[in-house]
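Me: I would like to learn how to read a protein model feature by feature. Could you take me through one slowly, giving the general idea before each case?

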Amino acid sequence: MNRRHTLLALVLALGTAGAAQAADANTVYLQTKDGRITVELRPDLAPKHVKQIKTLIGQGFYNGLKFHRVIDGFMAQTGDPKGNGTGGSSLPNIPAEFSQSAQFRRGTVGMARSSDPNSANSQFFICLGDAPFLNGQYTVVGAVTDGLDVLDKIKRAAPGAPGGAVQDPDKIVSMTLAEKAK
């Protein structure tokens, strides 16, 4: 290999390593009883929300929390320590970071909130199907990159259950940042 090829190989290797490190910094592993869901966080769309989620992951906040609201064909919601949709963390609420370009599709991760657009805190949902009616109304924080089959195994609410409440819901076993899981 000549000098030019050696230099090119080195540049490509360093570029790949840098990209892997950047991906790991925003890659989340959400472990359930049925397997792992991998989420790529999007700080380019919602830097404040991503920062808060990463802080809560670092505190172990999400470990053991229930998927308290799961509506077939719509979404699976978690992140509430009370387990009923009314709780949050001790951190302050986050102002809305709505995006006109990000779309709520199957696998999109969005922040749950009350009717106040600036009330997101710790709860989030993962879309089980396309939900274009949420576009520009809720903050997109990431997307599932692997494990949609695991997402599909999360226990759903019974048809007609008030608010999509799940009886004996599945839980997040653990939620970790990829960079910390090594």
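Predicted model: local features only at pLDDT ≥ 70, side-chain atom pairs only at ≥ 80, totals over all residues.

Me: Is Val150 buried or exposed?

Reply: The general idea is a set of cut-offs: buried means under 20% relative accessible area, exposed over 50%, and partly exposed in between (1.4 Å probe, protein chains only). Val150 has a relative accessible area of 6%, and therefore counts as buried.

Me: Which residues is Val150 in contact with, leaving aside its neighbours within four places in sequence?

Reply: Contact means heavy atoms within 4.5 Å. By that rule Val150 touches Thr32, Asp34, Gly35, Arg36 and Ile37. For Arg36, the C-alpha atom is separated from that of Val150 by 6.6 Å, although the two residues are 114 residues apart along the chain. For the protein as a whole, among contacts with a separation of 6 or more, 70% are accounted for by residues 24 or more positions apart.

Me: How many helices and strands does the protein have?

Reply: There are four helices and eight strands, and along the sequence they follow the pattern α-β-β-α-β-β-β-β-β-α-β-α. Of the 182 residues, 43% count as buried.

Me: How should I read a helix, and why do the end C-alpha atoms of α2 lie 16 Å apart?

Reply: The expected span of a helix is 1.5 Å times one less than its number of residues. Helix α2 has twelve residues (residues 47-58), so it should span 16 Å, and the distance between its end C-alpha atoms agrees with this.

Me: Which residues of α2 are buried?

Reply: In α2, the buried residues are His49, Val50, Gln52, Ile53, Leu56 and Ile57. Seen down the axis of α2, these buried residues fall within an arc of 160 degrees, so they line one face of the helix; the arc is that of the directions from the helix axis to the C-beta atoms. On the other side of α2, Lys48, Lys51 and Gly58 are exposed. The buried residues of α2 are covered by parts that include β1 (27-32), β2 (35-41), β5 (108-111), β7 (140-146) and β8 (174-177).

Me: How many aromatic pairs does a search of the whole structure find?

Reply: Rings of Phe, Tyr and Trp (its six-membered ring) pair if their centres lie within 6.5 Å; planes under 30 degrees apart count as stacked, over 60 as edge-to-face and the rest as tilted. The search finds five pairs. One of them is stacked, formed by Phe104 and Phe125, with 5.8 Å centre to centre and 25 degrees between the planes. This pair links distant parts of the chain, since Phe104 is in the loop between β4 (75-78) and β5 while Phe125 is in strand β6, 21 residues apart. Phe104 is buried, with a relative accessible area of 1%, and Phe125, at 5%, counts as buried. Phe125 also forms an edge-to-face pair with Tyr138, at 6.1 Å centre to centre and 80 degrees between the planes. At 22% relative accessibility, Tyr138 counts as partly exposed.

Me: Which residue lies over the face of Tyr138?

Reply: A charge sits over a ring if NZ of Lys or CZ of Arg is within 6 Å of the ring centre and within 35 degrees of the ring normal. Over the face of Tyr138 lies Arg113, at 4.1 Å from the ring centre.

Note on methods:
Residues numbered from 1 in each chain as written. Heavy atoms only, no water. Helix = DSSP H or I, 4+ residues; strand = E, 2+ residues; numbered from the N terminus.
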